[in-house]
Amino acid sequence: MAARRMMLLRRFSTASSKPLRVCVVGSGPAGFYTAEKMLKRHEAAQVDIIDRLPTPFGLVRSGVAPDHPDTKIVVNQFSRVCHHERCSFFGNVTLGSSISLPELRNLYHVVVLAYGAESDRSLGILGEDFSGIHSAREFVWWYNGHPDCRNLELDLRNTQTVVILGQGNVALDVARILLRPTVELATTDIANHALATLQESTIRKVYLVGRRGPAQAACTAKELREVLGIKDLYVGISESDLLKTPEDEEELKNDRIRRRVYELLSKAATSNRSSPRSDQHELHFVFFRKPDRFLDDGHGHVTAVRLEKTALTGNGAGKQIAVGTGEFQDIECEMVLKSIGYKSVPVDGLPFDHRAGVVPNVMGRVLRDTSGESAIDEGLYVCGWLKRGPTGIIATNLYCAEETVASISEDIDRGVLVPSLPKPGRDGLLQLLDDRNIRVVPFSTWEKIDSEERRLGSLRNKPREKLATWDELLRASETDQLS
């Protein structure tokens, strides 16, 4: 371990005698944009990015759908950040177990938490723990080769109907992966275990369930257009759901994206024949329904979702919310995917607003508690979903990072942060991890993993074949570090 630490120290040495030591926790878009902007804005900044996974890029790798390769091009920009002489990436380092937050803060002048949201919101209804019910996040991680979900138990061979709770972009991604012909998915970077399972799928019908109506649908036109464009797909939408109230008209008038979504749904409702063919895959949009409970077969496996019909009422802020009407209907199914939102997870020593699922902050500066009136916790910052909640697209994190870095710069200018006071930074981090026998995965090792995935993919006419288990990834990293 000592020899490996010396190798890493030589690899990541810096010429600056008094650098501003910065650690960014999380290597998704928020983390990389923060690192990039710190390097540009502060010539003395030495930035270390740590991540619990051996692989960088966060949701760009494990969240973006495999049939959206253009969205993943941003990894080229992030790779250039890691090649910067004042930047390093250390994978397989977990905040909270490999190193604590107080320890990290002792090593660095600035710590920016950007580790995103790796858990799920709960519905809190009866039967939510039945088998056959999964979060959309788990399903997305499964088909994208995330090592935490490699062994997710999905019985698609005995599933004909899937209910997806939610109608946002993630829900549409999930529906598209379930319904799109596997011959088209076979040339993407979808994980091989997922492709093999989908090729055996007997799924014929998918329901997308939303609490409100088509005028309030949370997806974007681009995502909706893609799922509606699946070859030979029957799309079911009740025309009565498309009737607009004056309140709907007011909402649509002020939102161009939702207007376009409503237009696409209206067109789809009138374009289909009255009923699907017996051999046709079906996608049904179910509006004005909210889940009430799950039903099972008596042995703990889901067999149906009980939905309560809803009606919309104004909330006094120009928007309408869904309220239950006391009328119910059941949709029979063999599998349920909950796409109701991601949730961030706190670590010891970090203030956390459990209701909002974020770290309390002012423009990225972490507050010492959740009261909203407490003092700033100097030197500790937050960015991305952990800062604002799981909303927005990849580019949203660019503006989020700009705000956080601006706050850091202001604090340096005001003397709140004093970079001239020495901090161990990278050397101290590597020493501590070496003492604990933590196998650090540097960016150069990730590049070896990347090359191997591309080589394996080329054998199957795919962009890459992801190494999708912890053992595979760590074996690859060990091979590189011993070479």
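**Notes on cavities and aromatic contacts**

1. Two cavities of 30 Å³ or more are found when the whole structure is searched. A cavity here is a set of points, on a 1 Å grid over the protein atoms alone, where a 1.4 Å probe fits but cannot get out. This is a predicted model, in which local features need pLDDT of at least 70, side-chain atom pairs count only at pLDDT 80 or more, and totals for chains, interfaces and linings use all residues. Residues are numbered from 1 along each chain as its sequence is written, and side-chain values use heavy atoms, without hydrogens or water.

2. The largest cavity has a volume of about 70 Å³, a volume being the space filled by probe spheres set on the points. Its lining comprises 13 residues (those with an atom within 4 Å of a point). Leu53, Thr55, Arg61, Ser62 and His146 lie nearest the centre of this cavity.

3. The structure holds 11 aromatic pairs (ring centres within 6.5 Å; planes under 30 degrees apart count as stacked, over 60 as edge-to-face, the rest as tilted). Phe57 and Phe443 form an edge-to-face pair, at 6.4 Å centre to centre with 80 degrees between the planes. This pair links distant parts of the chain, 386 residues apart: Phe57 lies in the loop between β2 (45-50) and α3 (59-62), and Phe443 in helix α16 (residues 443-458).

Technical notes
Phe/Tyr/Trp six-rings, centres within 6.5 Å; stacked < 30°, edge-to-face > 60°. Helix = DSSP H or I, 4+ residues; strand = E, 2+ residues; numbered from the N terminus. 1 Å grid on protein atoms, 1.4 Å probe; cavity = no way out; pocket = protein on both sides within 12 Å on 5 of 7 lines; lining within 4 Å.
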